[in-house]
Amino acid sequence: MVAAENLFAHAVQCWDTDGGGGILYTFGPDGKVCDDNKYMWPHPEAFAAALLLYKATGNDHYMDFYRACWQYSWDYLADTEYGGWYGVLDRHNLKVSNPDYGAGDVKAWFSDYHSMGGVYECMRSL
């Protein structure tokens, strides 16, 4: 359990406290962000991990993160018009074009594997 909590604590350092929430994509060994885009897949992975850690520890910090990450995901990543989730947002939560995700169109969404897996894991654990 300690290893999971340490890994989670390290990963959530990428939560964007200056640009409207969400997880900035990567940071280097020096702790500086290398890619300040917000990719879809870390969000469902993070909120599922937070909920599982909350259930295992009872620590409200994990439930607080779960709620914040879920709300961010719904507000910015979920495509409530066409379904799916947008693949990449910029630092200011605007959709960006990225040919590695979907068709490269600003409305393209990333594979539903991570979003559906994260939501399923939350439902299963509840």
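Student: Why is Phe65 called buried?

Tutor: In this predicted model, Phe65 has a relative accessibility of 10%. Buried means under 20%, so Phe65 counts as buried.

Student: What makes the pair of Trp15 and Phe65 edge-to-face?

Tutor: Two values decide the matter. The ring centres of Trp15 and Phe65 are 5.3 Å apart, and rings pair if their centres lie within 6.5 Å. The planes stand at 75°, and an angle over 60 degrees counts as edge-to-face. The pair is therefore edge-to-face.

Student: Why is the pair of Trp15 and Phe65 said to tie parts of the chain together?

Tutor: Trp15 lies in the loop between α1 and β1, whereas Phe65 belongs to helix α3, so the pair joins parts that are 50 residues apart in sequence. Trp15 and Phe65 also belong to one aromatic cluster, together with Phe8, Tyr62, Tyr72 and Tyr76.

Student: How do you know that Phe47 and Trp70 form an aromatic pair, and of which kind?

Tutor: The distance from centre to centre is 4.8 Å, to be set against the limit of 6.5 Å. The angle between the planes is 85°, and over 60 degrees the label is edge-to-face. Phe47 and Trp70 are thus an edge-to-face pair. Phe47 is in helix α2 (residues 42-57) and Trp70 in helix α3, 23 residues apart.

Student: Are Phe47 and Trp70 buried or partly exposed?

Tutor: Phe47, at 0% relative accessibility, counts as buried. Trp70 has 31%, which falls between the cut-offs of 20% and 50%, so Trp70 counts as partly exposed.

Student: What makes the contact of Asp16 and Lys38 a salt bridge?

Tutor: A side-chain nitrogen of Lys must be within 4 Å of a carboxyl oxygen of Asp. For Asp16 and Lys38 the distance from N to O is 2.9 Å, and the pair is accordingly a salt bridge.

Student: Why are Asp16 and Lys38 called buried?

Tutor: The relative accessible area is 2% for Asp16 and 0% for Lys38. The cut-off for buried is under 20%, so Asp16 is buried, and Lys38 is buried as well.

Student: Which other residue forms a salt bridge with Asp16, and how do you know?

Tutor: The residue is Arg91: the closest N and O atoms are 3.0 Å apart, and the limit is 4 Å. Arg91 is in the loop between β4 (88-89) and α4 (112-125), 75 residues from Asp16. Arg91 has a relative accessible area of 23%, so Arg91 is called partly exposed. Asp16, Lys38 and Arg91 are linked with Asp36 in a network of salt bridges.

Student: What makes Arg124 and Glu121 a salt bridge?

Tutor: Their side chains meet at 2.3 Å, N to O, against the limit of 4 Å. Both residues lie in helix α4, three residues apart, about one turn of the helix.

Student: Where in the chain is confidence lowest, and where is it highest?

Tutor: Confidence is lowest in α4, at a mean of 79, and highest in helix α3 (residues 60-77), at 96. Over residues 98-110 the pLDDT is below 50.

Technical notes: Residues are numbered from 1 along each chain as its sequence is written. This is a predicted model: local features need pLDDT of at least 70, side-chain atom pairs count only at pLDDT 80 or more; totals for chains, interfaces and linings use all residues. Side-chain values use heavy atoms; hydrogens and water are left out. Buried means under 20% relative accessible area, exposed over 50%, partly exposed in between (1.4 Å probe, protein chains only). Helices (H or I, at least four residues) and strands (E, at least two) are DSSP runs, numbered from the N terminus. pLDDT is the predictor's confidence in each residue, from 0 to 100. Contact means heavy atoms within 4.5 Å. Rings of Phe, Tyr and Trp (its six-membered ring) pair if their centres lie within 6.5 Å; planes under 30 degrees apart count as stacked, over 60 as edge-to-face and the rest as tilted.
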